[in-house]
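Reader: I am new to reading structures. Can we go through one together, feature by feature?

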Amino acid sequence: MLTGHFGGTFMSSSADYPGIEKFLNLANMTRVQEFILLGLSTSQDIRDALFAIFLILYLLTLLENTLIIYLICSHSELHKPMYFFLGNLSCLEMCYVSVTMPSLLVGLWTGPYQTSFTACMTQLFFFIVLIGTECTLLASMAYDRYVAICRPLHYQLLMRPQVCLGLALSSWFGGLLVSVAKTTCIASLSYCGPNVLNQFFCDVSPLLSLSCTHVTLTELVDFISAIVIFCGTLLVALATYSAIGVAVLRMPSAAARHKAFSTCASHLVVVGIFYSAALFIYCRPSHIKSMDLNKVLSVIYTVVTPTCNLIIHCLRNKEVHTVLRKSLHLP
């Protein structure tokens, strides 16, 4: 029923337009309400072994990150900017693996399984929030190392608590803004079938490939956010480590160079693993694109990297070793 400008009422229904009614009925029947996640589709025996491996990795990641957060919060020796960012990274990694790992484990336990449209979009939202936050947080950590090595006399001023808190909050807020924009665009697309995602979680690229509407705007938003968050933070990390490299080479003694390099080597390894996997997924040539390869690389930066991050950061860190021994009452 439509009401005209002059108070007249015009009655209309879809029955008057059989073509429109047929189209609406077809759209209602074919619109996707759930997706099927194929997961790491392999034989049952291999899935059982992988389930055990990834469950152990998941629990190990939660345990080691919880331990790091406890040590940082409970020991004043670790109340420094570097450990403040490390604590944020630990919190992020716990959330990160808890977004992707449960769906990976369910897929390994049951095989391909169904997930609702709402659950898929919710997982996508939190995944984008966390990966965007991690990019910015890694850049903030690189800046902290730059100030410590290249501007040591100004470190207390440039990395005072207000600055550290601002960098951490901007990392989380930046990831949130990017996720709201990208998830809104992806959720507004029409999915009319097929509904099979050849992935173990709801990721951007597989969802875009299933859309039956134009994805130009969504791809533009994805491209702009990638430039701002991913490439922007990568350039910051590269610039800071280039400056650090120059500063280290100019140091007069080998002992000073070794000490300076050791303070940032672990972070450089983490940055290298994370960005290498992500860059290869999104920037590799089309002739070597493969969804199975996508899944392997996704495992690297959603499972392996979070598990290894804290081990790499703390492996050669004497301060962490000291407070850990103190907490365990070891000599």
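Reader: Is Lys326 buried, partly exposed or exposed?

Author: This is a predicted model, so keep in mind that every value is computed from it. Lys326 has a relative accessible area of 46%. Buried means under 20% and exposed means over 50%. Lys326 is therefore partly exposed.

Reader: With which residue does Lys326 form a salt bridge?

Author: Start with the general idea. Side chains of opposite charge can pair when their charged atoms come close. Here the partner of Lys326 is Glu77. Their closest N and O atoms are 2.6 Å apart. The pair links distant parts of the chain. Lys326 sits in helix H11, residues 318–327. Glu77 lies in the loop between H2 and H3, and the two are 249 residues apart.

Reader: What is the relative accessible area of Glu77?

Author: The value is 31%. That falls between the 20% and 50% cut-offs, so Glu77 is partly exposed.

Reader: How many salt bridges are there by this rule?

Author: The count is three. Another one joins the side chains of Glu319 and Lys80, at 2.4 Å from N to O. This pair also links distant parts of the chain. Glu319 is in helix H11. Lys80 is in the loop between H2 and H3, 239 residues apart from Glu319. Glu319 is partly exposed at 30% relative accessible area. Lys80 is partly exposed too, at 37%.

Reader: Which residue forms a salt bridge with Asp144?

Author: Arg145 does. The closest N and O atoms of Asp144 and Arg145 are 2.9 Å apart.

Reader: Is Asp144 buried or exposed? And Arg145, buried or exposed?

Author: Use the cut-off of under 20% again. Asp144 has a relative accessible area of 1%, so Asp144 is buried. Arg145 has 9%, so Arg145 is buried as well.

Reader: Now the helices. At what angle do the axes of H2 and H3 cross?

Author: General idea again. Two packed helices are described by the angle between their axes and the distance between the axes. Helix H2 covers residues 44–74, and helix H3 covers residues 81–110. Their axes cross at roughly 160° and come within 9 Å. Angles over 145 degrees count as roughly antiparallel. So H2 is roughly antiparallel to H3.

Reader: Is the crossing of H2 and H3 left-handed or right-handed?

Author: The crossing is left-handed.

Reader: How do the residues of the contact of H2 with H3 divide?

Author: There are 21 nonpolar residues in the contact of H2 with H3. Eight are polar, and two are charged.

Terms used. Residues are numbered from 1 along each chain as its sequence is written. This is a predicted model: local features need pLDDT of at least 70, side-chain atom pairs count only at pLDDT 80 or more; totals for chains, interfaces and linings use all residues. Side-chain values use heavy atoms; hydrogens and water are left out. Axes are lines fitted to C-alpha atoms, for helices over the stretch in contact, and angles run from 0 to 180 degrees between N-to-C directions. Helices (H or I, at least four residues) and strands (E, at least two) are DSSP runs, numbered from the N terminus. Angles under 35 degrees count as roughly parallel, over 145 as roughly antiparallel, 65 to 115 as roughly perpendicular and the rest as oblique. A crossing is left-handed if the near helix is turned anticlockwise from the far one by less than a right angle, and right-handed if clockwise. Ala, Val, Leu, Ile, Met, Phe, Trp, Tyr, Cys and Pro count as nonpolar, Asp, Glu, Lys and Arg as charged, and the others, Gly among them, as polar. A salt bridge is a side-chain nitrogen of Lys or Arg within 4 Å of a carboxyl oxygen of Asp or Glu. Buried means under 20% relative accessible area, exposed over 50%, partly exposed in between (1.4 Å probe, protein chains only).
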